[in-house]
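Please open the model in a viewer and follow the stops below in order.

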Amino acid sequence: GQPTPKDYLQVISEVSQTINSILDLDQLLTRVSELIRTKFNIPYVHIFLKQYVPHTLEYRAGSGDRAKTYQDHQIAFNLDAPQGLITLTARTGKVQLVNDVSIDPRPLPNPITGVKKGSELALPLLFGNRILGVLDLQSEQVNAFSVEDIAVFETLSANVAVAVRNASLYRSEIWRTKNSEKFRETAELLSQSIPLQDFFSASLE
C-alpha cells in the first residue's frame with residue numbers, strides 16, 4: 001500500500017541512523033538506496049556522484065533490477081549533456097519531476113534498453129551551494145510521484161548529501177593520516193645512516 005506519514009518519518013529516521021553508523025561511502029549509499037526502494041516501493045533507485053575530472057555524473061550506488069547493470073556498464077553522464085533529468089538536476093540544483101517520460105523530451109531513455117516509459121524524479125544532493133550528486137528515482141508506472149513524495153525525498157537527499165560530504169572528509173582524513181605517517185617515517189629514515197638504495201626502497205613501500 002501507499003506509505004503513510006509515519007512510514008515517511010520512520011525511513012527518514014532509519015536513513016539518518018544509517019548515515020551516522022556507516023563511514024564507508026559505497027556501503028552507505030547502497031544501504032540508503034535499499035531503504036528507499038523497499039520502504040517506498042520505488043523499483044529503481046540510483047545515486048550518481050559528481051566528478052570534476054572528467055566533468056561527469058557517475059553511477060555510484062543503487063537498488064533494484066537495474067543497479068547491477070548500471071554498475072557493470074559504469075554508467076556516467078556528461079554534465080553538459082543537453083538531454084537528461086539527472087544532468088539537468090546537477091546543473092540547476094533543482095528537483096526535476098516528470099510523471100510520464102514517454103511524452104516529455106527532457107528525460108533520457110534507459111541507457112541499457114533504450115526504453116522510455118514511466119516516471120522519473122531526480123533530486124540534487126546539495127551541501128551548502130555545492131552539488132555533490134543526484135538521487136534518481138524511477139518507476140515504470142506513470143504518475144508514480146506526488147508533491148508529498150518530493151518533500152520527503154528532499155529531506156532524504158539532504159541527509160544523503162551530508163553523508164557524502166562526511167565520507168569524503170573521512171577519506172581525506174585517512175589520506176592525510178597515511179601521508180603524515182609516511183613523511184614521519186621518511187624523516188626517521190633520513191636521520192639514520194642507511195644506504196641510499198635502502199632508503200628509496202623503504203620510501204616507496
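Begin by selecting Y70, which counts as buried at 3% relative accessibility; buried means under 20% relative accessible area, exposed over 50% and partly exposed in between, with a 1.4 Å probe and protein chains only. This is a predicted model, in which local features need pLDDT of at least 70, side-chain atom pairs count only at pLDDT 80 or more, and totals for chains, interfaces and linings use all residues. Residues are numbered from 1 along each chain as its sequence is written, and side-chain values use heavy atoms, with hydrogens and water left out.

The ring centres of Y59 and Y70 lie 5.5 Å apart with the planes at 70°, so the pair is edge-to-face (rings of Phe, Tyr and Trp, the last by its six-membered ring, pair if their centres lie within 6.5 Å; planes under 30 degrees apart count as stacked, over 60 as edge-to-face and the rest as tilted). Y59 is in strand β2 (residues 56-63) and Y70 in helix α3 (residues 67-72); helices (H or I, at least four residues) and strands (E, at least two) are DSSP runs, numbered from the N terminus.

Next, select F48 and F77. F48 has a relative accessible area of 0%, and F77 is buried at 14%. Together, F48, Y59, Y70 and F77 form one aromatic cluster.

Finally, turn to R66, which lies over the face of Y44 at 3.6 Å from the ring centre (a charge sits over a ring if NZ of Lys or CZ of Arg is within 6 Å of the ring centre and within 35 degrees of the ring normal).
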